[in-house]
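User: Please take a close look at one part of this model: the places where side chains face each other. How are the partners arranged, and what lies around them?

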Amino acid sequence: RLKAVTLDVLKDYQSSRLKEVAARPINCELTILIRTLEEANLWKGPLMKHYQRLTEPDSEVNRALSLDELIRLETTAATRAEWEVAAAAELICANTGLRGGELKRLRLGMLDLENRRVRITRKSTKTRAGARLIELNQAALAAIVKLYRRAQALGAHDPEHYLLPADLSRHVKKTDPLRGRRGFDPTNHQVSWDTAWRKLRKSAGLDGLRFHTLRHTFITMMAESNTPLAVTQAMVGHMGDAITRHYTHVSVNAARAAVEKLDRIRPGFVDVFVDDSPDVVKSEPKLLN
């Protein structure tokens, strides 16, 4: 009962759950309970005064795939028909920075194939800053067209229908209202491609690879190609402070590498301009007029 929730109960829950999961999900779970207690006017006294969230480590930026790894993943994905959706999803997210959840919530009306553009709405993303227009390169466009044709074959025609219709045969939980049905439902979106993704990444020698890594791969490649960070942020939506700092560092490195290319274009110029003989090094610095 809510009235039986004490500070010791919350601490015991934190302690026992830490054996199973990290601090972040525990804090999220207890936040739900706290909001319920607030609604019942029970979040007060020692509970409110002394409750402490678990310390969460600074968010670590997921590693990005190298170009060779990305090519290997995409080459492997094309070898089996049952990986069609996972392969298309990988191509789209690696070339647009889309989150997996945003891709699953794409509706046909959000696609502008003629102008090679996708519109992400507030309802289909995590934050208000996530609503945006996404430009498609040829690889992403080809993958979306493939999914679009697949969706049409599965009965998706209305602008409100999903690009990835739900496979009803995969809804097996007793509490699921779609349980027991067959075929595909374009009014509901696909929930997961975990099975295909696990098999695909293992076959590509990338076992343990998170799908979200594709988003970081896109951002990293944008930074390394000297794309201004503001442009990348507009393309991927919200980026936390820690993520932004990380990719600012990456883009600075990319900029340094870019200007150093000038040295290779004009070899020997620095040697002519700077006389580093011992006599000059010991002398007073000269002003350049």
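Analyst: **Ring pairs and a neighbouring question of pairing**

The count comes to three aromatic pairs, where rings of Phe, Tyr and Trp (its six-membered ring) pair if their centres lie within 6.5 Å, with planes under 30 degrees apart counted as stacked, over 60 as edge-to-face and the rest as tilted. In the pair Trp 43 and Tyr 51, the ring centres are 5.7 Å apart and the planes stand at 75°, so this pair is edge-to-face. The model is predicted: local features need pLDDT of at least 70, side-chain atom pairs count only at pLDDT 80 or more, and totals for chains, interfaces and linings use all residues. Residues are numbered from 1 along each chain as its sequence is written, and side-chain values use heavy atoms, with hydrogens and water left out.

Trp 43 has a relative accessible area of 13% and is buried (buried means under 20%, exposed over 50%, partly exposed in between, with a 1.4 Å probe and protein chains only). Tyr 51, at 14%, counts as buried.

Trp 197 and Phe 211 have ring centres 5.0 Å apart and planes at 75°, so they too are edge-to-face. Trp 197 lies in helix 8 (residues 194-203) and Phe 211 in the loop between helix 8 and helix 9 (213-224), so the pair ties together parts that are 14 residues apart in sequence. Helices (H or I, at least four residues) and strands (E, at least two) are DSSP runs, numbered from the N terminus. Both Trp 197 and Phe 211 are buried. With Trp 193 they form one aromatic cluster. Lys 104 lies over the face of Trp 193, at 4.7 Å from the ring centre; a charge sits over a ring if NZ of Lys or CZ of Arg is within 6 Å of the centre and within 35 degrees of the ring normal.

Three strands form an open antiparallel sheet in the order 1-2-3. Strand 1 and strand 3 are the edges, each pairing on one side only. Two strands pair if DSSP finds at least two bridges between them. Strand 1 (residues 111-112) and strand 2 have two, while strand 2 and strand 3 (residues 132-135) have four.

Val 118 in strand 2 stands opposite Leu 111 and also opposite Ile 134 in strand 3. Arg 117 stands opposite Glu 135 in strand 3.
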